[in-house]
Structure formats: C-alpha cells, structure tokens
Amino acid sequence: MAADGEPPLRALRDRALGPPKTVTTFGPEPYDDLTGVLDRFDVELRHEPLPVPKSSGYLVVRRGDEYLGAISAAGFDDLRDRSGAPPWDATAAASAYRDLVALLSGASFEMDDRGRMVATAREIEDRAWRAGRGALYVTFQSLSAFEEQVSTYARLAGRTDLSVAVYGDPDWEPPPIDGVDIHRDEAGEISDFWVVAFDGAGEDDDKCAMIAEESAAGVFTGVVTYDPTVVDDLTAYLDDVAASGP
Amino acid sequence: MMFGDGGDQSRVFGTLADPERRVVLYYLREHESASLETLADLVTGWVEAGPGPDRTVARDDVRAGLHHVHLPALDAAGLVDYDPDGGRVTCEGLSRVGETVLDAALAADTSEAPVDLGRLLAAADDAGADDGG
C-alpha cells in the first residue's frame, strides 16, 4: 500500500491530510493567547472584530466554502489548558479542545507538548469509550511507556465491550489485562509513530484515528482523521503487524 | 431615507426584532461592508457558540434566511445596502436613534440581564430629540 521504502504509517498519515481549513475568531480583539494552540495546526488564522465582550466571542472553523462548526469563548480556557483526563471523565468529554481536534481533523499538526498529544489522543479514545464496542488500537514507542497507561486501558477494556490492541517496542513485560492484547513490535515498524485508532465498531461515522510521527526528539507531526477509508486501511495494517509478530 | 431620523422607533424595533439582523449590524458597525458568506459564518457561529443559549443550526438555512429575508428587510429599512447579485452588504452608518437602539440591544444580547424595553425606548426618544426629530 505504500511507496517503496516509505513507512506505511507515514503514507497513511499523508493520505489523511485534507483541504486547507480556516479558523476565524470573532471578538473585540484578537485572542492572542489562543494563537499558541491554533498555530500548532496547519490552518489559516483570521480575526474579525465584533464589538461584544471578550467572553462572548467565538471561533468558526471552515474548510473552503464549507462551514464546519463553532466554539464559544467560554471554551477557550480549555484550549489553552488542555485536558488529558481519561475518556470517562464527564468534564473532559465536553472539552472544547476535543471539539477543536474534531473540527480540525485533516489538518496536520506539529506538537512538542506531550500533554497536548495525550489530550489529542483522548479525542479518539473518548469516541471508543462512548461507542463501548469495537476495537481500539494504540501504539507506544516502547511498552515501558505503556506502563503508566495500564490502568486507563484496563478500564477502557474492562468497563466496555471494547477490545484494545497495544503495540510497542518490547522493553517491558506488561501484566495480562482482560480485553487488552499486547503486540511486541520486534521489527520496530511503528516505534517512530504515535497512533490511536478506533475502528468505529463497523460504523463509518465513528471511525477515527490520530497518526503522528516523531519528526524530531519529542516533536510529533501528525493528523487526526475521520476518513473511514484511511482508518480501515490503518487498522488493517496494524492487524497485519500483529499477525506477523511473535 | 435614513432610518430613525423621523423617530420611527416602532419600525426600528420591528426590523431589529430578529437576532440575525442585530448581529449583522453589530458586525457592520466595525467593518462597513461584508460578503454574504462572511455574514453567514458570523450569524451561524453566533447562534451555535455566541452569547445566549447555544443551539444547532444549519449554515445553509442561515445563509438563505439572510439572503431572502433579513438583508432585504434591513435594506428596505434603510439600515444597509444589500446587493443580492454580488452578495455584498454595506452599511454607511446609522442614525443616532439606530445607534442608541443597537447599543442597548447589544448590551441585552451579551448579558444575562433582561431587556428593559421602557428604558430602551426612552433612550431612543432622547436620541431622536437630539437628532432634531
């Protein structure tokens, strides 16, 4: 599926990129402190003066001529201080950051902030949690990085009918967890990537994934996608990796 | 004629009864002119995420409402010039009555406080008097 020599995950990530998006803030003056968040995404930023109190402003996301959605200034605090709370946290489920991630799907991002990467991945896990069935795929650079997430994924698999597939370089031996399959990435095919994918339990509308590559130490270049064909190919590839593993 | 210079408050209030029309004017006071597409984003975002209770609305419906109903109504009231073929709206400025009413409406639209209609009318009256109307 990939060009010669190109990592399949990179090809999938590039396929997930969509048409350019525009984020327009409406308010009395530019929301300069949001720029640090929005600048991480490859989107065009605009500001349109509107004589309302700053707390009454909002932002609108569009793709070409298509209006995608809006986020109120009440949620802007959440964009500044992203929530890495787990999917079953009700406040996190309503977070504006996750709304933004969904609206900006298909726009590439570059992040050097691990906490914000976790918050981005949570958007995918949250959908899986709400669906409560299907398969969730999560890659780690190494299984030792999975160690601190064991309780999160044990709960995701334990409280739902979700099956969870975890991939990573085998530098740590996880305990057996019901509903969680561990795949040792001996070949190192995916250790440069941070992937979280939900197969939608067969529903195209629920399929989603984050595909990020560590492009420099601690810097991830990636994309969130809701394109069902990309998600299908991604999960098929990860199934292949699992099947070919030890 | 320019709106409000005769103190025709009931017509001002009638025209501005629809929130879409007020939002358009709030915006145009800062920009003077705008495309229909920008106004459709503005109003859809306002309904979905702006001041007041948020609700979901289809942008296509908002755009159609602006094009067929609200912008022609604002044009007929002399508050804006709307070119339906070019999709362009301009506002050369409001009368003092119009400004006063719009200021009060903006304050009401962006706060929890209920609108004090009597006070609003009195303020518009004063402004109308200042205009010599």
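The lining of the second largest pocket holds 6 nonpolar, 1 polar and 6 charged residues. In this sorting, Ala, Val, Leu, Ile, Met, Phe, Trp, Tyr, Cys and Pro count as nonpolar, Asp, Glu, Lys and Arg as charged, and the others, Gly among them, as polar. The model is predicted: local features need pLDDT of at least 70 and side-chain atom pairs pLDDT 80 or more, while totals for chains, interfaces and linings use all residues. Residues are numbered from 1 along each chain as its sequence is written, chains are lettered from A and ligands numbered from 1 in the order in which they are written, and side-chain values use heavy atoms, with hydrogens and water left out.

Back to that pocket. Its lining takes at least two residues from each of β4 (66–72), α5 (96–103) and α6 (114–131) of chain A; helices (H or I, at least four residues) and strands (E, at least two) are DSSP runs, numbered from the N terminus. Domain 1 (1–15 + 108–245) and domain 2 (19–104) of chain A each give at least three residues to the lining, with bounds from an automatic or database domain assignment.

Here are the spaces by volume.

| Space | Volume |
|---|---|
| Largest pocket | about 290 Å³ |
| Second largest pocket | about 230 Å³ |
| Largest cavity | about 80 Å³ |

On a 1 Å grid over the protein atoms alone, a cavity is a set of points where a 1.4 Å probe fits but cannot get out, and a pocket is an open set with protein on both sides within 12 Å along at least five of seven lines; lining residues have an atom within 4 Å of a point. Points are joined across faces, edges and corners, and a volume is the space filled by probe spheres set on them.

The largest pocket involves chain B: among its 15 lining residues, Trp46(B), Pro51(B), Gly52(B), Pro53(B) and Asp109(B) lie nearest the centre. α2(B) supplies the largest share of that lining, 4 residues. By class, the lining of the largest pocket has 7 nonpolar, 3 polar and 5 charged residues.
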